[in-house]
Amino acid sequence: MSLGILDDTKERVRQATDIVDLIGGQRELRRQGRIFVTHCPWHNDNRPSLQVNPERQSWKCWVCGNKGGDVFNWVMENEGVGFREALEMLAERAGIPLQNEVRSTPAESGTAGDKRALYRAMAWVEQQLHRCLLEAPEAEPGRRYLAARNISDESIRKYRVGFWPNEWNWILERSHGTGFTPQVLEAIDVIGKSDKTGKWYDRFKGRVMFPIRDAQDRPIALGGRVLPEFADDRSGKYINSRETRLFSKSEQVYGLDIARAVLSKTKNVIVVEGYTDVIMVNQFGVENVVAVLGTALTAQHIRLLRRFAESITLVLDGDEAGQRRTNEILKLFIAAQMDLRILTLPEGLDPCDFVSQRGADAFRGLLDQAVDALEHKVQIATRGIDLANETHRANRALEEILGTLAEAPRAIGAMQDTSRLREQQILARLAREFRLPEGELRTRLGQLRGGNKNAPRREPEPATAASPQGIEALSPEERELFEIMLLHPELAPQALESIGSVELSTDVGRTLYEHYFELEVAGESLDFASVIIALEESHLKNILVSLDELARAKAEHAQEDGPQRLSGLIRVFRHRETEQERREHLAALEERRLDEQEGLALLQQLIEQERDRQGIPAPTDG
């Protein structure tokens with residue numbers, strides 16, 4: 001539970017936001033009894049399976065399993081943002097100011113701690129850079145560079161390309177009178193401070209600038225390409241903004257603000273490596289293209305792109321560097337629940353050069369021939385090997401492929417069935433490729449997994465991700481506990497008093513319990529609305545909605561006796577506690593950890609407990 005934002009502020013925003021209006025403004029809703037339904041945007045939904053409950057102000061897709069919650073994590077899932085940004089977006093939509101929130105260090109308006117000020121500053125910097133490129137005489141080297149790359153004026157305006165003059169204090173001098181302090185400009189990483197002199201300096205001088213925007217079309221960072229005439233031994237060819245409160249390079253891609261307009265039609269997103277690759281490919285009419293930002297494609301990127309597309313085509317440059325990550329790509333393919341295809345360009349070309357030299361039709365033709373990540377890995381591993389005759393080399397290649405499969409993260413929760421099916425398909429394909437029995441490959445894969453001691457344990461990921469933690473992450477007893485508290489919030493205090501957090505067997509169960517407990521200690525209500533507004537973790541909101549829906553469905557078909565149901569559950573926990581004590585006592589006797597007198601007393605106690613359990617009366621004298 002966050003201490004950073006007052007729960008009554010979150011509740012005001014929640015009450016001001018009708019979930020039917022929110023989702024209905026983005027998707028066509030159809031009433032079905034007491035609920036509304038629509039097609040789910042996160043899977044191929046032939047029949048509407050996403051349900052919106054206006055009474056509980058909740059939503060749920062039962063096919064996806066790990067998708068559901070309230071208005072906040074609708075925005076979190078749909079826009080790919082965290083809770084804080086979702087709250088800000090809904091507050092702005094409802095016209096509710098957030099200045100009354102509680103912060104450990106209150107941020108004054110316009111300071112480096114004020115996120116709105118950072119967004120405004122970044123938008124101003126983008127405007128200055130773009131106008132400089134279009135109008136300023138000192139930007140002529142930038143205009144010549146872009147013209148030499150055949151980047152059109154239309155593309156420059158579409159992607160808001162800019163230029164940073166080769167001066168140390170250009171942006172700082174222009175900021176005078178704007179209200180953007182050096183500390184604010186430093187917080188968005190456009191200026192730095194010298195450790196030696198203590199003076200401020202521009203970070204991106206002498207570069208063509210590529211603004212990086214988020215999915216909400218807000219500028220959040222910059223990328224800069226140094227021009228040859230301004231480069232020295234210390235100049236990196238490309239540099240990006242460092243991590244800031246607005247920007248995380250492993251979670252953002254370049255060009256998504258432009259591409260998302262067509263992704264609803266193409267259902268496929270093309271991922272390239274550079275800014276000019278994106279711009280030039282788009283300029284040639286292939287608009288569903290984005291770029292990673294100075295890093296390789298990651299699981300976080302896939303989670304972001306999965307919101308907008310059903311498949312990814314990763315375009316690798318035709319040089320050696322473009323071929324180095326086949327193992328990592330295959331692991332992403334196995335772990336990601338979406339189609340990941342690989343296109344390797346010929347003759348060392350990058351996408352910008354390829355479309356410039358050969359045109360859009362040739363590029364589309366190659367895209368149509370892109371192979372999935374498994375086939376890409378097989379092609380790389382078996383290149384130059386005669387699988388039918390070179391047995392030893394073929395076996396080494398197969399072992400390499402199976403070793404990569406063994407190291408890939410295993411799906412958990414609701415995605416296990418999908419992951420298992422994908423694994424079966426992969427092994428069947430490998431069996432055909434290498435002409436071996438599928439069972440033999442499965443056995444070997446199991447051996448490699450069992451012996452893979454050096455692989456890092458994969459921790460469950462937080463739910464901005466696509467972590468498949470649904471109600472299946474809870475034990476049956478935990479489900480029963482939370483269902484009772486949801487149906488009968490008046491019994492929740494008794495349940496919390498009778499059953500402790502340490503008695504729950506899963507991390508998810510204990511975390512949800514602690515939220516209930518904190519509300520109880522604070523004297524807050526324990527009804528559904530109060531609990532869900534206190535949760536900020538998307539996967540916990542989803543679990544609570546799932547439990548609530550299932551509990552109410554059960555209650556509709558059976559007479560509900562809450563106190564009796566809770567009493568039965570408490571007896572289950574007490575019995576489990578007694579059994580644990582009995583096992584510990586038996587272990588103490590077997591391991592002779594007690595002296596003779598203590599051992600006899602404990603043995604007599606165990607005998608009496610067993611008689612009571614079986615209903616056998618104690619023996620009498622005579």
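Me: How many bridges pair strand β9 (residues 207-213) with β10?
Reply: A note before counting: this is a predicted model, in which local features need pLDDT of at least 70 and side-chain atom pairs count only at pLDDT 80 or more, while totals for chains, interfaces and linings use all residues. Residues are numbered from 1 along each chain as its sequence is written, and side-chain values use heavy atoms, with hydrogens and water left out. Strands are DSSP runs of E with at least two residues, helices are runs of H or I with at least four, and both are numbered from the N terminus; two strands pair if DSSP finds at least two bridges between them. β9 and β10 run in the antiparallel sense, and the number of bridges is seven.

Me: Which residue in the turn between β9 and β10 has a positive phi?
Reply: The two strands form a hairpin, with five residues between them. A phi of about 70° picks out D217.

Me: Which residue of β10 stands opposite F210?
Reply: β9 and β10 are antiparallel partners. Opposite F210 stands G223.

Me: Which strands are at the edges of the open sheet?
Reply: Four strands form the sheet in the order β6-β9-β10-β11, with antiparallel pairing. Those that pair on one side only are β6 (162-164) and β11.

Me: What is the average twist from one strand to the next?
Reply: Axes here are lines fitted to C-alpha atoms, for helices over the stretch in contact, and angles run from 0 to 180 degrees between N-to-C directions. From one strand to the next, the twist averages 30°.

Me: What angle does helix α11 (residues 275-283) make with β9?
Reply: α11 packs on the sheet, touching β9, β10 and β11; contact means heavy atoms within 4.5 Å. The angle between the direction of α11 and that of β9 is about 75°.

Me: Which residue of β11 stands opposite R225?
Reply: β10 and strand β11 (residues 238-240) run antiparallel, joined by three bridges. Opposite R225 is Y238.

Me: How far apart are the end C-alpha atoms of helix α5 (residues 115-135)?
Reply: The expected span is 1.5 Å times one less than the number of residues. For 21 residues that gives 30 Å, which agrees with the model, where the separation is 30 Å.
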